[in-house]
Amino acid sequence: MKESRNSGYVRQTKFLGGRLFVAVLLTMTVFGSAVPSPGWAKGGREALKSKHFVLSGDAKTLFREAQLRNNTVMQSFAFDNVNGHVYVVQLMAGGQQLADEPAPVSGADRARNGDLALSKLDLEGNLLGHMFLKGFGHGVQIGVETEGDKTYLWTETDSVAEGKDGWGTQLARFSFENGAVLTNESLELEKFRLKENVDRTTVAIDPAYGLLTMRYRENGSFRFGVYRLEDVKQRRFEPIADIAQPSLGTFQGFASYGAYLYLLEGNAYGNNGSEAPLGNTYITSVDLNTGNLVDRQLITAGQDVLFREPEGLAVRIPDMRHPHKAELHFGFASTVSAENTSKLANMFYLDRLMPVQALKRK
């Protein structure tokens with residue numbers, strides 16, 4: 001479970017007011033293909049234009065019951081679209097002792113310290129490698145960036161304890177190295193403080209449009225800032241969009257694709273009104289140009305998995321030569337059995353995209 005501070009649910013909403021500003025679409029070449037990049041609208045205001053995922057209908061299965069490095073609940077995940085891998089982050093299990101530790105550490109201390117396990121999987125759910133990240137945060141959402149032959153992870157870092165858990169206060173970028181242990185002071189980290197006086201910072205990467213979205217808490221409220229990824233890497237922290245988070249149930253992850261932000265909420269069966277078989281998992285979409293709600297749909301995939309806690313959202317591009325053929329993936333944590341509560345990872349996805357013209361505002 002992640003956060004439950006925002007109580008209540010947004011109402012069922014489809015295509016609410018506010019027009020989508022027309023953008024001048026530039027292109028950038030990635031792996032020999034034309035990939036859309038948002039441009040500037042008249043007057044210097046940045047405006048995004050893109051297709052929108054259809055949130056209704058049957059979801060497809062990527063894999064089920066995958067074993068991760070630890071037996072804890074997966075918190076979030078992201079895709080390496082170039083090499084065909086998925087990275088999953090979770091809180092470290094209690095009772096583990098790493099090389100720099102004098103004794104095993106309890107699960108409660110791991111959570112308070114913000115210690116994470118990172119698993120590398122193939123697209124069939126087979127475990128290929130792992131890292132440990134000490135003092136990073138809660139793993140609410142992560143991003144992946146591929147640059148040449150290097151895969152970089154984007155995460156929260158510099159965890160600060162609040163209640164029973166640790167939460168990140170800025171962002172980090174680092175390359176994946178199988179078996180490595182990083183602390184929040186490791187020299188391998190690039191750190192980015194995009195805004196001052198904020199906390200609960202988490203991150204997602206839009207692989208099609210070259211954008212970075214940061215969720216953060218400011219003055220007690222959650223917001224999302226959208227930046228050009230290349231600008232952030234050059235330490236230019238000027239957002240092209242910044243919107244408030246709508247009222248949700250228990251927040252479980254986010255992803256962005258072009259002009260739209262997607263939000264995951266819900267609980268495991270037996271918690272906060274989530275009952276089998278329907279549960280209370282919803283995906284909500286928000287227009288990044290206006291902050292208006294676009295759609296909200298109950299997600300019924302994976303009804304038969306035990307426990308079924310929604311965990312993480314991510315966009316996958318199966319072929320980077322065709323970035324408009326994207327998939328919106330969402331995860332569920334499950335248990336091995338009623339007696340064995342060790343957690344497994346399950347991933348499903350939606351792959352229908354609505355044409356831009358279908359979303360024109362009246």
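Before I start: two strands count as paired if DSSP finds at least two bridges between them. I also remind myself that this is a predicted model.

**Entry 1: strand 25 and its partners**

One partner is strand 24 (residues 309-316), and the two pair in the antiparallel sense over six bridges. Across that pairing I found Leu313 standing opposite Phe330 of strand 25. Strand 26 (residues 343-350) also pairs with strand 25, again antiparallel, this time over eight bridges. There I spotted Ala333 opposite Ala345 in strand 26.

I went through the faces one by one. On one side, Glu327, His329, Gly331, Ala333 and Thr335 are all buried. On the other, Leu328, Phe330, Phe332 and Ser334 are buried too.

Next I turned to an open sheet of four strands, in the order 9-10-13-15, with antiparallel pairing. Which strands stand at the edges? They are strand 9 (143-147) and strand 15 (190-192); each has a single partner strand, so one side of each has no neighbour in the sheet. I noted that the twist averages 25 degrees from one strand to the next.

Then I zoomed in on strand 9. Five bridges join strand 9 to strand 10 (residues 150-157), and the two run antiparallel. Thr146 stands opposite Thr151 in strand 10.

Definitions and conventions: Residues numbered from 1 in each chain as written. Predicted model: local features only at pLDDT ≥ 70, side-chain atom pairs only at ≥ 80, totals over all residues. Heavy atoms only, no water. Axes fitted to C-alpha atoms, helices over the stretch in contact; angles between N-to-C directions. Buried < 20%, exposed > 50% of the residue type's maximum accessible area, 1.4 Å probe, protein only.
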